[in-house]
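Please open the model in a viewer and follow the selections below in order.

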Amino acid sequence: MSEKELGKKWDRCLADGAIKIGTGLGLGIVFSVLFFKRHTWPISLGSGAGLGMAYANCQNDLRSHYMLQRSEKVGLCKRTHNIKITEYFMVCISE
Amino acid sequence: MLRACLRGANATARTNFRRCRPNNLQQCRHYTAGEPSGGAAKVVAAGLVTVGGGVGGTILYAKWDHKFRATVEKNVPYSDQLLGLALGPPLQDVRSEKQVEVAQPPSMMDKKVKTSKSKSEKKVKEEAAETSPAAPVQSLEDTLFSDEASAEATHIISAMGDAPSVPAPCDTEAAAVKEECAECHHHDDSTVSAAVQPEATAAEAEPLRERPEEEVTARLALQDQQEQDVLAAVSVSLEDSLASSAKATLQAIGAQEAALQAVTRHTLRLKEAMEAEVPPQEKSAQWKDLEVSLADRNSAVDDATAALSKANEALDGLKSVIDESKGLKVSAVRPLVLAAEENLHNMVVDLDKAVTKKQTAESEAKIVSQYSELVNEAKLQFQKEVSSLTPEIQANWKSLTGKLSPDDLNALIAHAHRRIDQLNRELAEQRVREQIHIDSALEQQKLEDQRALEKAVSTSLQHVREEARLDQERKLSELREVMEAEMRTQLRRQAAAHTDHVQDVLKVQEAELKADAEQVLSSKMLEQETRFRQLSQEQLDNFTLDMNTAYARLKGMEEAIDSHVIAEEEARKAHQLWLSVEALSYSLKSADTDSPSMPLEGAAQAVKESCSDNDFALALSSAFPQESLQRGVYSEASLRARFNSLRSLARRVALIDESHNSLYQYFLSYLQAALLFEDKQAAPPTQLSGEDLDPFKLLSYASFCLEHGDLELAAKLVNQLRGEARRVVEDWLTEARLTLETRQVISLLSAYANAVGLGTTQAP
């Protein structure tokens, strides 16, 4: 069902987010403990990195349908409205 | 208030009622106390007066009108007794009594009359009795004539039409105690006397009730029966009495003969005893015999007298029976009666003869006994004299010739001489007186002879008279038979003539009637024939017409049937199509809320089969989407439910599309969904404008449509969603599309099937 797709995506998002954040936190804690003398910045860095990665992944996942695949061939772009350049570049990157 | 008024009214009414009622009672009491029995007594008295008046009036009127009296006596039981008490017996009985007394034969008529009750023909009797006053003398002859002649006589009389007649009423010789006999006798009396004196019985205005024939024949039969019974009884009684009297007479005669014999024997013996000179021993024996014979004679005489009395009794009885049977007046009895009378006469004669013989013998015996007495007396006298003379001589003096002394002898001789002288003197005296005695004796004898002669003459006269009467009766019966035979022959001749005449008349009538009948018959036959021909022709025409019409109808029916067969075939096919389409639409309904319906492949196949010759239906049935065939379709309800859950999702991703699909946008979209409130359902406008393309509006329109069962419009509206919302509802939309498609095909098919079905049921 197409309506369940979104839900699934969010599940993935959350799961991924939890993992990344958790892992980042963990790594941060580890690094903070191990390498950085229990400063909080590695934790926050780690968790921040994790969060950012999760965010990016989620967004990508949610956008996946709209992004063209490498194999897909598309004609002249007719969609001239509301295209944000940053997003266009991000799409190119994620390919 | 109404209730209060009612209550008040009731109370007042009750008080008033209570007040009035005692007054009424008092009044009534006062009223009735004064005369408690007056009203009742008055009523009773009035009733009694009415009843008494009614009864008295009835009795007076009955006294005046005898018909009324008869009807009252007939209808009211016990009224006849009352009326008899009040008025005496009904009048016609008294009058007929008088007439009968005038009539000679002292028969049972008196009894009959006195015991008879008034009947309906009483009036007739009265009239008839009045008009035949001189009948009595003839009545005897009439009775002799009446029996068989009566029927014919009455017929003759009725034919003459002079007198009131009843065809063959009961004959006069009915049983004695039967009441009908009285009136019959009277009636017959009257009719026969009318026959003798037709002019005397002038036509009476009295209407006679003619008895019905069955009654007459019944009565005749009854009377015949009665006659037979009477005859039998009489003959039996006669025979009995004859037998008994014959026996008694014979006995008497025998007794008389025996007495005669005894008397003669006794007389002879006496004579012998007196005159014979026999030795003394035999004499005593003789005297003993004599005594015996005397005793015999006495007994015989007694027996004879007893037998004679018995015979006389029997003969009297016979005579009474004969008289009785004579009184019955049954004709068949007469010869018996005659014979009985003759027998009686003979017996009487014989008895008388025997009695006379016995009497003569008795008289002789008397003479002889007198003589013997005289002799005995003389002997005794002589013995007394002898004994007085010679006391020692014994009575048996004839045996003492050797014993007597000469003195005795001389005395005896002297006595004898003296006796002889005396006797001579007596003889001389006797001779002198002889003549006188003889004369007186002769006189006496003459007288006695006269008497005997008279007696003999009278008895013989009686006998002769009896014989003459019997002869007369015999001659009368013979004569009557002859006359009857002659009458019968005359009547037969008359009957023969009548039958001949009737035959002739009948022949003539027959001929006439035959001619008439034949004419009528021929005319009727002709008529019938013409009618028959007409009818048959009509029938034929009708038949031909009917046949033609029937044939035409048959032809029409055949055509109709053929066309019907075709139409039915079409109809059957259409029906089948319709059924398969129905099955298809039903299978559509098999969808549950969350699962699709069964695959429609089978049903579609069935539809295809049932419309194999119809391109349109074939095209339609092959237009099903593959998905619905394989998998089935969702029901509208499930789609609706799904949409409801979809709607919130679509709302949440309303801002997301190709260009806006970052997470931030997602957040914004979610925020918008949380903060924006729109109608749950809003009716979509007929034309969508640019602002209606807002997803929220669209969703509410679609909700509205779905709630109102318009899946198509909802799908159309949902189709207008763009972006992520569109992506989200894509599946739903395809499902909706599938369902719509399938439903469209099925509805088309069913419409087509209905149309085809409707079409086939109508007349082409």
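Accessible areas in this tour come from the Shrake-Rupley method with a 1.4 Å probe. The model is predicted.

Begin by selecting chain A by itself. Its accessible surface comes to about 6,900 Å², and carbon and sulfur atoms account for 67% of that surface. Of the 95 residues in chain A, 25% are buried. Among the contacts within chain A that join residues at least 6 apart in sequence, 60% link residues at least 24 apart.

Next, display chain B and select the interface. Here 18 residues of chain A are in contact with 25 residues of chain B. Together the two chains bury about 1,900 Å², with 54% of this area on carbon and sulfur atoms.

Which residue of chain B forms a salt bridge with A:Glu5? Select B:Arg727: the closest N and O atoms of this pair are 2.6 Å apart. The count between the two chains is one salt bridge. Seven residue pairs, both members at pLDDT 80 or more, are in polar contact across the interface.

Finally, select helix 1 (2-34) and helix 2 (40-63) of chain A, each of which supplies at least two residues of the side that touches chain B. Helix 1 of chain A provides the largest share, six residues. The residues on this side of chain A comprise seven nonpolar, four polar and seven charged.

How values were computed: Residues are numbered from 1 along each chain as its sequence is written. Chains are lettered from A and ligands numbered from 1 in the order in which they are written. This is a predicted model: local features need pLDDT of at least 70, side-chain atom pairs count only at pLDDT 80 or more; totals for chains, interfaces and linings use all residues. Side-chain values use heavy atoms; hydrogens and water are left out. Contact means heavy atoms within 4.5 Å. Buried area is the accessible area (1.4 Å probe) that two parts lose on being put together, summed over both. A salt bridge is a side-chain nitrogen of Lys or Arg within 4 Å of a carboxyl oxygen of Asp or Glu. A polar contact is a pair of N or O atoms within 3.5 Å; within protein, one must be able to donate a hydrogen and the other to accept it, and residues adjacent in sequence count only if both atoms are side-chain atoms. Helices (H or I, at least four residues) and strands (E, at least two) are DSSP runs, numbered from the N terminus. Ala, Val, Leu, Ile, Met, Phe, Trp, Tyr, Cys and Pro count as nonpolar, Asp, Glu, Lys and Arg as charged, and the others, Gly among them, as polar. Buried means under 20% relative accessible area, exposed over 50%, partly exposed in between (1.4 Å probe, protein chains only).
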